[in-house]
Amino acid sequence: MLPVCDAPSLQCARCLPGVAPLLSPWLAAYRASLTAAVAVHHGNPRLVEQRSDLAGGYFTSDAKARIDLDVLHRFLSEESTWARGRSRAIVEKSLERSLAIGLYAPDGSMAGFARAVTDFATSARLCDVFVLRAHRGQGLSIGLVRATLDHPSLATVVAWTLTTEDMHILYAKFGFAPLVDPSKTMAWRRVSAG
Ligand SMILES: CC(C)(COP(=O)(O)OP(=O)(O)OC[C@H]1O[C@@H](n2cnc3c(N)ncnc32)[C@H](O)[C@@H]1OP(=O)(O)O)[C@@H](O)C(=O)NCCC(=O)NCCS
């Protein structure tokens, strides 16, 4: 056994060789429990999801495992005015680091979607908001946007932005307003991207 200090520490170069082997079974068990937790998360979104119930049995959920990628990609690439032609790979990648809120019909099928691009600390941009045609006109977009703005992971986010062609009236219900001084905001678009 290598010499260790009175209060062994993994941060001490003298202790490390002696203490690390003692900890390795515990570390292995901890790693296994983390792997199991992640597997449960991916396999059963109900265990960890943030869900809000809406009228008529509809509900919103932040569980990415529930998202129907075919429906999401089809709407964005074929029906939306802002993401025409967006590839499936880019749609998938956009989900990875965003807060993605799905809107679901009572049978669990996807009825809409909203996404917040965010650092989860200070700012967020609301985008890709839609309700599928068959489910429109029931106030569902209100519940969808509300679930996104009020998501607990964004509780400290104070600065929200969005871009809209013609749905100002919807977002105004939540307090969104045109920029007070547009000259202080700048934008740039990459001419060609995937
Ligand atoms: C915009 C959209 C999300 C609204 O979804 P919805 O669930 O049908 O909307 P709701 O029933 O919740 O209506 C909420 C409010 O939005 C506004 N609104 C909804 N549809 C509208 C329309 N076609 N024209 C003008 N205002 C509309 C209304 O102010 C309405 O409130 P009111 O009923 O009290 O007047 C849906 O029409 C959609 O997905 N459109 C295509 C994608 C799109 O434009 N997304 C927004 C990108 S910024």
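Author: Two strands count as paired if DSSP finds at least two bridges between them. Strands here are DSSP runs (E, at least two residues), numbered from the N terminus. This is a predicted model, where local features need pLDDT of at least 70, side-chain atom pairs count only at pLDDT 80 or more, and totals for chains, interfaces and linings use all residues. Residues are numbered from 1 along each chain as its sequence is written.

Reader: What makes β3 and β4 a pair?

Author: DSSP needs at least two bridges, and 6 bridges join β3 to β4 (residues 110-118), so they pair, running antiparallel. Leu-103 stands opposite Gly-112 in β4, for instance. The two strands form a hairpin with 5 residues between them, and Gly-108 in the turn has a positive phi of about 90°.

Reader: And what joins β2 to β3?

Author: 3 bridges join β2 (residues 59-61) to β3, again antiparallel. Phe-59 has Tyr-104 as its bridge partner in β3.

Reader: Why do β1 and β6 stand at the edges?

Author: The 6 strands form an open sheet, β1-β2-β3-β4-β5-β6, with mixed pairing. β1 (51-53) and β6 (159-162) each have a single partner strand, so one side of each lacks a neighbour in the sheet.

Definitions and conventions. Helix = DSSP H or I, 4+ residues; strand = E, 2+ residues; numbered from the N terminus.
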